[in-house]
Amino acid sequence: MRTRPLDLVAPALVTALLLGCGASSPRATDAAPLAPADTAAARPTQPEYDTPVTEGGGSAREEAEAVALGAAPAAAPPPAAAAAPRPAGVAARKRAAVAAPNPVVAAPNPVVAAPAPEPQGSESYQDYGVNPVEDPAKDRFSTFAIDVDTASYAIARRKILEGALPPYQAVRAEEFLNYFDYGYPSPATGPFAVHLAAAPSPFTVGHHLVRVAVQGKRVSARERTPVHLVYLVDTSGSMRSPDKLGLAKRSLKMLTEALKPGDTVALCTYAGSVREVLAPTGVESKGRILAAIDDLTAGGSTAMASGIDLAYRLAERTLVKGHVNRVVVLSDGDANVGATSHEEILETIRRAKDKGITLSTIGFGQGNYKDVMMEQLANQGDGNYAYIDSAAQARRVFSEQVGGMLQVIARDVKIQVEFDPRFVKSYRLIGYENRDVADRDFRNDRVDAGEIGAGHSVTALYDVELRGAAPRLEGAAPVVVRLRHKAPLGSDRAEETTVKLAPSAIAAAFDAAPADLRFAAAVAGFSEILRRSPHARALRLSDVEAIARAAASRRGDQQEFIELVRRARALAGGGTGAVAARGAD
């Protein structure tokens with residue numbers, strides 16, 4: 001992604017624009033608040049936020065809330081799957097603090113809908129909590145690694161279309177935001193462009209939404225460097241269904257069709273044992289590759305660790321410095337035979353990454369799906385994580401957006417946003433909880449971060465409260481964004497870019513903001529409600545739907561989003577638009 005510096009305008013105009021903006025969108029009146037605001041002592045920290053959650057097994061607190069709302073007690077949950085350790089550093093410190101939600105006055109006798117019953121099963125998800133409100137006078141920096149994963153949105157979409165709200169632990173706000181193409185301008189030079197914008201919040205009076213957008217350069221198939229892929233396919237018995245192995249085979253055929261002369265493909269599988277199906281083969285022999293994919297069948301248990309070892313041995317046979325060398329894992333994430341612990345598998349991936357072999361994961365199916373495993377494999381492998389729930393989603397990932405997987409344009413990309421306490425009273429990053437980076441490590445080039453592929457875009461939203469009387473200081477900016485990234489090849493020394501929020505990028509009213517920012521606000525609001533954020537007490541699905549309808553383009557994914565919100569309203573209690581919010585952690 002390219003960085004294009006924004007012009008600075010007179011600081012007096014900065015202050016005037018910031019302080020003159022107020023919330024402008026009318027609030028819908030047909031939906032009740034999400035939950036009454038807490039009036040007693042703050043709720044205690046929720047220990048279940050730090051543990052993996054198996055679908056169908058809620059916490060005792062949630063079951064008590066459901067019973068109070070007239071729901072039947074939940075059945076005993078199945079055992080939770082082993083989870084990856086929580087990321088250390090500033091993330092743990094920030095989540096240990098009490099997140100003070102925005103004060104909301106509860107309406108009389110609010111209607112609070114219980115979430116739709118969740119099917120019993122062995123699906124597992126990790127709840128990373130919700131970022132707290134920060135005081136820039138105490139911590140003026142917000143630092144996180146780039147994330148271009150989109151699986152969480154696709155998982156939620158499948159659940160909603162099948163008639164149930166997704167488990168709140170499965171909802172990661174950044175993956176909702178990054179699912180959509182907002183049409184950000186491409187960079188004029190360099191790997192990416194940074195686009196900043198702000199507008200009064202449509203959800204909280206007196207607050208602003210600040211958007212940080214990064215757009216990676218687009219690279220044509222003719223321009224991209226050669227790629228050497230190893231398809232690692234889970235053919236265990238749990239994959240024996242059309243929406244798993246059947247869809248995985250269709251996906252691999254699409255990916256193979258997107259390759260060009262000079263690219264190579266190898267294919268291996270894992271079940272009770274591992275098997276090399278196809279040695280590294282040039283795409284000129286496409287027929288052999290497609291025939292090998294066609295012959296895949298499912299059966300047996302799941303030796304994922306052994307499968308990954310074999311995939312990396314195949315990848316080393318075609319390893320070329322300067323080319324893209326990648327393992328693509330297609331699975332439901334259920335590993336039950338062999339060295340299946342997260343740390344054993346992740347350590348293998350880390351060692352391979354150091355050699356120049358990256359890893360992406362593609363998830364399929366439901367019932368026994370292991371989201372934690374699939375997300376962490378991609379995170380450690382410097383790859384991306386997607387979930388395929390339909391042939392249309394397969395085309396999106398492996399045909400329309402395949403350039404992001406096949407061409408890396410920047411490595412170890414970190415963002416640090418600085419909020420000037422003279423202008424900003426508080427801020428909160430929406431999402432990216434498991435992408436936190438310690439502020440002190442922003443310029444530590446040994447610390448791993450995210451990878452950006454060709455055409456990838458990244459969107460982050462902050463909920464910001466401005467001060468009532470900010471000083472007028474020459475050259476001051478309320479928000480400064482810095483990015484560090486390494487070139488896809490060569491030096492491990494990162495370059496740094498600085499962009500300041502210009503007054504011209506701050507809309508005077510929400511309705512006057514660019515359509516892409518307004519649509520992103522709707523997406524963020526939807527994710528906040530579904531993950532039952534304590535900051536979502538005043539949010540209504542009816543408001544989210546109205547904002548999305550006013551801002552959406554004619555693109556199919558944006559129109560589909562509107563339909564998902566409408567369905568979620570119906571699932572959340574007959575169209576009242578209410579979903580129970582959890583307490584502040």
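Me: How much accessible surface does the chain have, and what share of it belongs to carbon and sulfur atoms?

Reply: Accessible areas are computed by the Shrake-Rupley method with a 1.4 Å probe, and for residues only the protein chains shown count as cover. Here the accessible surface of the chain comes to about 21200 Å², and 54% of that belongs to carbon and sulfur atoms. This is a predicted model, in which local features need pLDDT of at least 70 and side-chain atom pairs count only at pLDDT 80 or more, while totals for chains, interfaces and linings use all residues. Residues are numbered from 1 along each chain as its sequence is written, and side-chain values use heavy atoms, with hydrogens and water left out.

Me: What percentage of the residues in the chain is buried, and how many helices and strands are there?

Reply: A residue is called buried under 20% relative accessible area, exposed over 50%, and partly exposed in between (1.4 Å probe, protein chains only). By that definition, buried residues make up 59% of the 585 residues in the chain. Helices (H or I, at least four residues) and strands (E, at least two) are DSSP runs numbered from the N terminus, and the chain has 15 helices and 17 strands. With contact defined as heavy atoms within 4.5 Å, 84% of the contacts between residues at least 6 apart in sequence join residues at least 24 apart.

Me: Which residues touch the most other members of the largest nonpolar core?

Reply: In soluble globular proteins, nonpolar side chains tend to be buried together. A nonpolar core is a set of buried Ala, Val, Leu, Ile, Met, Phe, Trp, Tyr and Cys residues joined through side-chain atoms within 4.5 Å. The largest one here has 46 residues, of which Phe519, Phe526 and Phe561 touch the most other members. At least two residues of this core come from each of several elements, including helix H4 (151-161), strand S5 (207-216), helix H13 (515-530) and helix H15 (556-571), and H13 gives the most, with ten residues. If neighbours within four places in sequence are left aside, phenylalanine 519 is in contact with Phe180, Tyr182, Ala548, Ala551, Ala552, Gln558 and Phe561. Another core lies apart from it, with 36 residues, among them Leu196, Val464, Val499 and Ala505.

Me: How many aromatic pairs does a search of the whole structure find?

Reply: A pair of aromatic rings is described by the distance of the centres and the angle of the planes. Rings of Phe, Tyr and Trp (its six-membered ring) pair if their centres lie within 6.5 Å, and planes under 30 degrees apart count as stacked, over 60 as edge-to-face and the rest as tilted. The search finds 17 aromatic pairs. One of them, between phenylalanine 176 and phenylalanine 526, is tilted, at 6.3 Å centre to centre with 55 degrees between the planes; it links helix H5 to helix H13, the two residues being 350 residues apart. Phenylalanine 176 is buried, with a relative accessible area of 1%, and phenylalanine 526 is buried at 1% relative accessibility. Phenylalanine 180 and phenylalanine 519 form an edge-to-face pair, at 5.3 Å centre to centre with 80 degrees between the planes. Because phenylalanine 180 lies in the loop between H5 and S4 and phenylalanine 519 in helix H13, this pair ties together parts that are 339 residues apart in sequence. Both phenylalanine 180 and phenylalanine 519 are buried. Ring pairs also link a cluster that includes Tyr153, Phe176, Phe180, Phe519, Phe526 and Phe561.

Me: Why is H14 described as largely enclosed by the rest of the structure?

Reply: Eight of the eleven residues of H14 are buried, so the helix is largely enclosed by the rest of the structure. The buried residues include Leu541, Val544, Ile547, Ala548 and Ala551, along with Ser542, Asp543 and Glu545, and what covers them includes H13 and H15.

Me: In what order do the four strands of the open sheet stand, and is the pairing parallel or antiparallel?

Reply: Strands of a sheet pair through backbone hydrogen bonds, either parallel or antiparallel. Two strands are taken to pair if DSSP finds at least two bridges between them. The order here is S4-S5-S15-S13, and the pairing is antiparallel. S4 and strand S13 (424-430) are the edge strands, each pairing on one side only. Six bridges join S13 to strand S15 (residues 457-466); serine 426 stands opposite glutamate 465, and arginine 428 has aspartate 463 as its bridge partner. S13 is mostly covered, with six of its seven residues buried.
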